[in-house]
Amino acid sequence: MDIAAQSIEGGFADPVFNAQTVFRAVMDAMARPGSVQPLPALARPPAPLLATSGAIALALCDNDTPLWLDPALHASAAIGSWLGFHTGAPLANTPADAHFAFIATPAEMMALDGFSQGTQDYPDRSTTLILQVGDLASGSPLLLEGPGIETSAAIAPAQMPRHFVEQWKQNNKRFPRGVDIILATSDGIACLPRTTRIKTMEA
Amino acid sequence: MTAQSTDIATYNFAYLDEQTKRMIRRAILKGIAIPGYQVPFASREMPMPYGWGTGGVQVTASIIGPDDVLKVIDQGADDTTNAVSIRAFFKKVANVAVTTDTATASIIQTRHRIPEHPLTAGQVLVYQVPIPEPLRFLEPRETETRKMHALEEYGLMHVKLYEDIAKHGRIATTYAYPVKVEGRYVMDPSPTPKFDNPKMHRSPALQLFGAGREKRIYAVPPFTDVVSLDFEDHPFEVQTFDQPCALCAAENVYLDEVILDDHGGHMFVCSDTDYCEKRREEGHRGHLAPETDLAPGNMEPVQ
Amino acid sequence: MYVAVKGGEAAIANAHSLLADRRRGDRSVPALRLDQIVEQLALGVDRVMSEGSLYDRELAALAIVQARGDMIEAIFLVRAYRTTLPRFGYTSPIDTSAMLVERRVSATYKDLPGGQLLGPTFDYTHRLLDPELAAGAGVAEPVQRAGQTEPMPRVSAILAREGLIEPDGDMPQDHVPGDITREPLEFPMARDIRLQALSRGDEGFLLALGYSTQRGYARNHPFVGEIRIGEVELELDVPELPFTVPLGTVRVTECQMVNQFKGSAKAPPQFTRGYGLVFGQSERKAMAMALCDRALRASELGEDVVAAAQDEEFVITHSDNVQATGFVEHLKLPHYVDFQAELDLVRRMRAEYEARENPAKAEEKKEAAE
């Protein structure tokens, strides 16, 4: 299939209700960090963009939200034109200009502080990162605390960024500035808002 | 021009267009990630006036889906006119199930109260907020209050509360009583009586706040610390009533005063109508409860 | 026995049917048609279009009749409809020097290229109620000069040739004009955003503020360089097409105030500008807007901010009548809960006060109560 055809297919079958479903899953995940929200494959973007991250893009991005794609995604012209066609979102010139960043290979990604952290006056003007991970159970376990978590929560996302726990501590320290993360697997999502603290788990 | 058609189908599901919903949804996510911080958003004109719940309506319209069950209260009551009007709006534009039952609602939009029945995980409480800025009455300028929040400079608020104590012997704020969220942002809980402040603290429900005219959205995620500002020698206290509800005999709930005649006769009844009705169904009786229950009266417009 | 008041839904429906009845009034009087309102109450229609920010005469007329002639309610109806409309694009800036002018007056020059043109004005009418109008008398065809013969440059361009007026305030090359209907306001604001807010601001509010500057609250020495009213072309740039697409014309009123300025640390002595532009024909609004615009440029021009009209946050946040009316009128919504809280506090404090001021009487009262 050529790029033009690929770029116009695979959008939401029912844009209004699908967008609402995806948003509610993200909202619930953001409000309850570490909880895994299942998400059916409502979008069919070109690989390696996952159905879940594609659906998040369709639900939240538009011409007001510059996007940044990591090299693995940027390399695919089909992904760029699929996102462009379905969301109208422009590509950000630099990661620091991006409202949303989609990352297919978190293990190789640049440091979190390279993205927009917002300002002390407007901490909301920060990048939301969508990290595609293999699963949320086979990586190093992360014990989570903070708003949205009654006592503690645990996830173990696979293929996370290098020195993630240390980087996240730095992200916490920048509060109220900082980035928020949506972890996307092939069939679900979990979130790490900037308020979530990670207690590394003893093996 | 299609405006002359009154067909509701000319409006999108839940009234707002999809681009507006995306913008509001993004603001909600930021609000959840930065508890208590007021996220600016490009509030739209709604078909009800500013000040009548447009912020709450925009938030509800952006989160609501066909599976939701909506409850709308004003002053704690499901049957106050503005609550009836907003509920009817969503029934019309989103065709969602509506309820008065706190426990079965998935989204509760409220003005001025938090229900007495404890909220549970998975529920969303949407507050209508008139003035979201807790520092506004101390400093009218947005440019200044923004700086104060950025620098976590809340001395002015403490000075004001302390002046109250010096002048009146107590903190003379009874509603919209400022709180500190997760130890960082001072937040306006909307004009709920301070009686309701403790219910916000570590609530299992997600709390979203929409201020339409002032164009701000903010949030308190579940299980988040919400502490009412106070002083060691003047700890925060909630209102107490020296009599139970006259209809259902409930104690430790917020009561409305109802004037019965023009000779000073009055009674106190639950402000939360659903809570009061549930208790009466369970057989609780206050000292002024009618023998047979609740024949729905009627309120006709005065000609 | 007390029974809680219920049945809000029925009450609302009944109230609205009563409203519909009162709106229609005596059924033996013919109902107003929208074209009658468009043709005969045209300035009211213009105000609704202008402050409703939607150029559609028929919708504005519908709003006026639906609002029973309440202009702010009509503006609100138009706004609430406008906000649901999809946005296809932004037109190129209109060129008012190419306006098809129906009225153009300058207070700064006796004569100027294009001439003075009084047009359809109330100025110099004697305000005597006209019984013939009440009787529905016929109206003669107007006398008008044939066509616009010579170009009508804007007065500001004439002054600019001498270098005595500040330049037109160029925006940086990459400046994207803001849109107050799409982005939340942020202070301090750029002038393009401020002018948008003023253009949809309440006529009465801006009029009062403009008036206050004339009476010495931030006096800014205004002259009406020019007021022009007429039709301007709207054109849309479509990236896919090699030409701009004409969309039609809109009628606007433009006012350019020329303000004497003695200079400050930030700017040399020169004439400065205040600008007003509104849909339709409304000189009062355009002039008031221009006065406010100039006053709000105080900090840009290095003037002291001493009066309300110069205070950007104050003026802009309170100029929108749809917001203002909503919030003022929301006070009639129930506030039982808050009032109960205040009642409790005032009772307690009053009791303490009485105990302090008049212990004997307070004791008496307490006994009586018991």
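What radius of gyration would a compact globule with 303 residues have, and what does chain B have?

## Chain B as a whole

A compact globule with 303 residues would have a radius of gyration near 19 Å, and chain B agrees with this because its own value is 20 Å. The radius is taken over C-alpha atoms, and the globule rule is 2.2 Å times the number of residues to the power 0.38. The C-alpha atoms of chain B fill a box of roughly 65 × 60 × 40 Å along the principal axes.

Chain B has seven helices and twelve strands. These are DSSP runs numbered from the N terminus: helices are H or I with at least four residues, strands are E with at least two. Of the 303 residues, 52% count as buried. Buried means 20 or more other C-beta atoms within 10 Å of the residue's own; exposed means 12 or fewer; partly exposed lies in between; C-beta atoms are placed from the backbone.

## About the model

This is a predicted model, in which local features need pLDDT of at least 70, side-chain atom pairs count only at pLDDT 80 or more, and totals for chains, interfaces and linings use all residues. Residues are numbered from 1 along each chain as its sequence is written, while chains are lettered from A and ligands numbered from 1 in the order in which they are written.

## The sheet of chain A

Chain A holds an open sheet of six strands in the order 1-8-7-4-3-2, with mixed pairing. Strands pair if DSSP finds at least two bridges between them. Strand 1 (37–38) and strand 2 (67–69) of chain A are the edges, each pairing on one side only.

Strand 7 (180–184) and strand 8 (188–192) of chain A run antiparallel, joined by four bridges. Leu183(A) has Ala190(A) in strand 8 as its bridge partner. Helix 3 (51–60) of chain A packs on the sheet and touches strands 3, 4, 7 and 8.

## Where chain C meets chain B

The contact takes 49 residues from chain C and 58 from chain B. Contact means C-beta atoms, placed from the backbone, within 7 Å. On the chain C side, helix 13 of chain C gives the largest share, ten residues. By class, this side has 28 nonpolar, ten polar and eleven charged residues. Ala, Val, Leu, Ile, Met, Phe, Trp, Tyr, Cys and Pro count as nonpolar, Asp, Glu, Lys and Arg as charged, and the others, Gly among them, as polar.

## Tyr90 of chain C

Tyr90(C) lies in the loop between helix 5 and strand 1 (100–105) of chain C. Tyr90(C) counts as exposed because it has 11 C-beta neighbours inside 10 Å.

Note on methods
Two residues are in contact if their C-beta atoms, placed from the backbone, lie within 7 Å. Axes are lines fitted to C-alpha atoms, for helices over the stretch in contact, and angles run from 0 to 180 degrees between N-to-C directions.
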